[in-house]
Amino acid sequence: MANILIATMGSTADIVIESVGLINHSKVDIYSNSPRIDEINRIRNEKFLGKEVDELWILTTDSLKDEDVDKIKSWNLVNTIRYFVLKGVTDIVSQAFADQCHDMVLRVVKNAQKQKGSGGNLWLSLAGGRKTMSSDLQDAAYCFGCDEVFHVIGDGKVDLAFSTPMSEQDANKIKIVTLGRYESNPALENMEPEHFDDYKDILYVTPSEVFLNEVQKKKEESQFFYSSYYLDTTDRTNFPLLYTLSPKKIDYVKNYIIGADPAKREQEMDLLRKLPKIELHCHFGGILDTKGLVRVASTYKKYIEDYRNKNKLFDEWCKQACLAYKEILAAEKNNWKTYCEGKAQETGVNRVLINAFILICFTGKEDVLDNLWFEEYINEDKYFKIGITAYERLGDLQGSMLFQTPEAIDEAMKILKEYALAENLVYLELRCSPLNYTKFGMNAKQVIRQICNGLQIIDKGGIAVSMLIIASRHGKEEDIKKNVELACKMNDQLFSKYFRGFDVAGNESMGSPSKLRPHFESALRECRSITIHAGETMNADSIWDAVYSLNAERIGHGLTLIDDSPLKTKFLDRQIGIEMCPSSNYQIVGFADNYYLSTVSDRQYPLYQYLNDKLPVCVNTDNPGISRTTSSNELHRAARLTRNGLSLWNIFQLIYNGLLISFLPYSQKRDLIKRVEETIGKLFKKEMI
């Protein structure tokens, strides 16, 4: 272990003596007469208290004079003095000589870092040297680090011919400037220059540019990482990879605006489709578009045929419905579940068969079904602020009305896999209500296993997946308790692999978290993760209740959080996630959309404010089939709902946040972030971004 001071020396040894004298002042304090002695002592106490220079390393050209060697030695300030002399170079008069000197400085500093050993210190003085030598020494500090860089600034030549303190007049010409500790460039830490095995008093260094060239090459390769390494850490709210881009590329990403210009919609959507995406808020009961509805309904054909063969009433209804299925759907769509339930009672069959038969009639005519079911909502500007009740009614063709058999669930999971692959999803959390799918023969455990089988297939397709069990406010509190107990007691290897926690869903006014807490005691005792729909249609009190009554780790929607600053601060402090769903938020609640002038008077979507506040917010589809959306479209809709749009940098933030607040175990989350970063890196490398 050694404390090493490296200084450069030019035409005089005086500056070197002044440099080492700052630290080693126990024998002779050359600054004792200085009017600035109080300031100098403060620097000594802050930077060098209890430490002395053990070895003084002097860097100089091949113009070393015996009198300078003798002068430095005569002061007796340090026991070991070593000179590194650039052989054959007497002055820095060409670029070649400058490069050779730079190379020597880099090699000496790197060797000193190793020589000082654990617990030792390396200090650099920029006070002396010829022309570029001081800047070379500072560059070495940037490259390899040191414990302190300082400068001794003099207003004129100070005669130090005798080993005594400077006169007050001379000492007054000296000022000490400290530049602080320098961290090494991580990209250069493993570089190994030629080792100086012979540490004689005067070592003549053979001129070379080899190490300098190696360092410059490494710096060029890592310049983007290095230039961003010291960025304010509070700004690191995005993939670390993005901070390694060139400044020009970072500017491009931060200034590429999405969602502000309708003419650029397709171009922007093409870009968004290429990005890896995360989905944390997706309801199994709302995943199907009209083509998917017909596909899943078709799995009931054998059941329908069996019932028709043994049930004349049902067969007769099927014959009539086959001729008037369009009219039936158009007339009954606003009370569809009631209609199906009534016909089921009349014919003596399960209502799922009534629903499935009507859907099967639309085979090959899915566009007709689409128009009948969504009517004016096909135009997205009309699908606006319709309220939660009307929105939920649009899901009446699927969910519990369709997913009642193993075949139906399997087909739905196949469709979900196709969708996930098409959308470049890398992670999906699917939430479901198992008890809702037990009306045609399966029990809740069978439903869970069937869904898990589908998740396993998606998982093997390269998309990480998880399952959340929904405790719906719509049902009886007893059903909520059953769902929680079912998940906590489920002893199934596949379920254990994919189950991540619970979701409290449904109309916020129908069951507050504080009232539901007793039903979640077992889940809380098992440290299960919980996300809760809150702040979608009710004020911020609903969000507060979710966080403080049920320890929610994430909030679904959270639109009114913006109205409660103390609660928003708590979200930031505890990193509580916010799952926003731009399309369904626009459709149910209504927010200003850059594409539609008719909405400009509506309130602003709070997502951008959440991003600015560095809250962990992400975007999701909610019910892709019901909202007529995709994961790519949700990123675009989030931009459209933001005045002046979102930057591509913001889009990456939303994806990154989704990974951070996912319910994946830490190791899987870490690996997934790395995988997504690699994918993004390839997109940049191929200039697809």
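Visitor: In which sense do strand β4 and strand β5 pair?
Guide: Please note that this is a predicted model. Strand β4, residues 121-125, and strand β5, residues 146-154, pair in the parallel sense, and three bridges connect them.

Visitor: Which residue stands opposite Glu148 of β5?
Guide: That residue is Trp123.

Visitor: And how many bridges join β5 to strand β6?
Guide: There are seven bridges between β5 and β6, and these strands run antiparallel. Strand β6 covers residues 174-182. One of its residues, Ile174, is the bridge partner of Gly154.

Visitor: Changing topic to pockets: what volume does the largest pocket have?
Guide: Its volume is about 1000 Å³. The lining consists of 41 residues, and Glu392, Ser433, Asn436, Ser472 and His474 lie nearest the centre of the pocket. The elements that contribute two or more residues to this lining are α16 (388-393), β10 (425-432), β11 (464-472) and α19 (477-489).

Visitor: How does that lining split by class?
Guide: The lining of the largest pocket has 20 polar, eleven nonpolar and ten charged residues.

Visitor: What about the second largest pocket, which residues are closest to its centre?
Guide: The second largest pocket has a volume of about 640 Å³. Its lining comprises 30 residues, with Asp289, Pro624, Gly625, Arg628 and Thr629 closest to the centre.

Visitor: Which elements supply at least two residues each to that lining?
Guide: They are α10 (290-297), α15 (366-374), α17 (406-422), α25 (582-588), α27 (624-627) and α28 (631-640). By class, the lining of the second largest pocket divides into eleven charged, ten nonpolar and nine polar residues.

Visitor: Now the cavities. How many of 30 Å³ or more are there?
Guide: The structure holds four cavities of 30 Å³ or more. The largest cavity contains about 100 Å³ of space. It is lined by 13 residues, and the closest to its centre are Lys277, Ile278, Val619, Leu635 and Ile655.

Visitor: Which element gives the largest share of that lining?
Guide: Strand β9 does, with four residues. The elements that give two or more residues to the lining of the largest cavity are β9 (277-283), β16 (617-619), α28 and α29 (648-660).

Technical notes
Residues numbered from 1 in each chain as written. Predicted model: local features only at pLDDT ≥ 70, side-chain atom pairs only at ≥ 80, totals over all residues. Heavy atoms only, no water. 1 Å grid on protein atoms, 1.4 Å probe; cavity = no way out; pocket = protein on both sides within 12 Å on 5 of 7 lines; lining within 4 Å. Points joined across faces, edges and corners; volume = space filled by probe spheres on them. Nonpolar A, V, L, I, M, F, W, Y, C, P; charged D, E, K, R; others polar. Pairing = 2+ DSSP bridges.
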